[in-house]
Amino acid sequence: MIDERFPNWEIDVEKGTIYSLYWNKYIGTIDVHGYMKVNPPKGYKHSKLHQYIWIVANGCDIPEGYDIHHIDHNPLNNSIYNLELVEQHKHR
């Protein structure tokens with residue numbers, strides 16, 4: 001799926017992947033906490049792949065005071081079926 005907010009990415013919310021149309025490859029690197037990171041597009045502060053998966057699947061940005069939680073606690077499983085919106089104070 002190509003979202004107009006991220007025209008250089010093809011985002012598969014079911015698989016939890018982001019493909020760069022500019023670089024012609026899947027993007028993301030694993031950070032020290034085990035999460036897939038991406039370079040945020042201009043105007044966006046999020047750096048984690050699962051955040052963009054959730055944004056595209058839900059059609060809106062992550063509300064202030066909320067986090068995206070991996071239901072199975074596996075930070076590499078970024079399928080939309082494994083992500084849920086939770087209040088930050090409950091997530092931590």
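**Figure 1. Overall fold of the predicted model.** Buried residues, meaning those under 20% relative accessible area, with exposed set at over 50% and partly exposed in between (1.4 Å probe, protein chains only), make up 38% of the 92 residues in the protein. This is a predicted model, in which local features need pLDDT of at least 70 and side-chain atom pairs count only at pLDDT 80 or more, whereas totals for chains, interfaces and linings use all residues. Residues are numbered from 1 along each chain as its sequence is written, and side-chain values use heavy atoms, with hydrogens and water left out. The secondary structure comes to two helices and seven strands, where helices (H or I, at least four residues) and strands (E, at least two) are DSSP runs numbered from the N terminus. Along the sequence, these elements follow the pattern β-β-β-β-β-α-β-β-α. The radius of gyration is 12 Å, close to the 12 Å that the globule rule gives for 92 residues, so the protein is as compact as a globular protein of that length; the radius is taken over C-alpha atoms, and the rule is 2.2 Å times the number of residues to the power 0.38. The C-alpha trace spans about 35 × 25 × 20 Å along its principal axes.

**Figure 2. The largest nonpolar core.** A nonpolar core is a set of buried Ala, Val, Leu, Ile, Met, Phe, Trp, Tyr and Cys residues joined through side-chain atoms within 4.5 Å. The largest one holds 18 residues, of which Phe6, Trp9, Ile11, Ile18, Tyr52, Ile53 and Trp54 touch the most other members. Both β1 and α1 supply at least two residues of this core, and α1 gives the most, with six residues. Leaving aside neighbours within four places in sequence, Ile11 is in contact (heavy atoms within 4.5 Å) with Met1, Phe6, Thr17, Ile18, Ile53 and Val56.

Figure 3. Because Phe6 lies in the segment before β1 and Tyr52 in helix α1 (residues 49–58), the pair ties together parts that are 46 residues apart in sequence. Phe6 and Tyr52 are both buried, and together with Trp9 and Tyr44 they form one aromatic cluster. The charged end of Lys48 sits over the ring of Tyr35, 5.6 Å from its centre, by the criterion that NZ of Lys or CZ of Arg is within 6 Å of the ring centre and within 35 degrees of the ring normal.

**Figure 4. Surroundings of Val13 and Asn78.** Val13 is found in the loop between β1 (9–12) and β2 (17–20) and is buried, with a relative accessible area of 14%. Not counting residues up to four places away in sequence, Val13 touches Ile53, Val56, Ala57, Asn78, Ser79 and Ile80. Asn78, which lies in the loop between β6 (66–70) and β7 (83–87), counts as buried at 2% relative accessibility. Its contacts, again leaving aside neighbours within four places in sequence, are Val13, Gly16, Met36, Leu49, His50, Ile53, His70 and Leu83.

Terms used:
Phe/Tyr/Trp six-rings, centres within 6.5 Å; stacked < 30°, edge-to-face > 60°.
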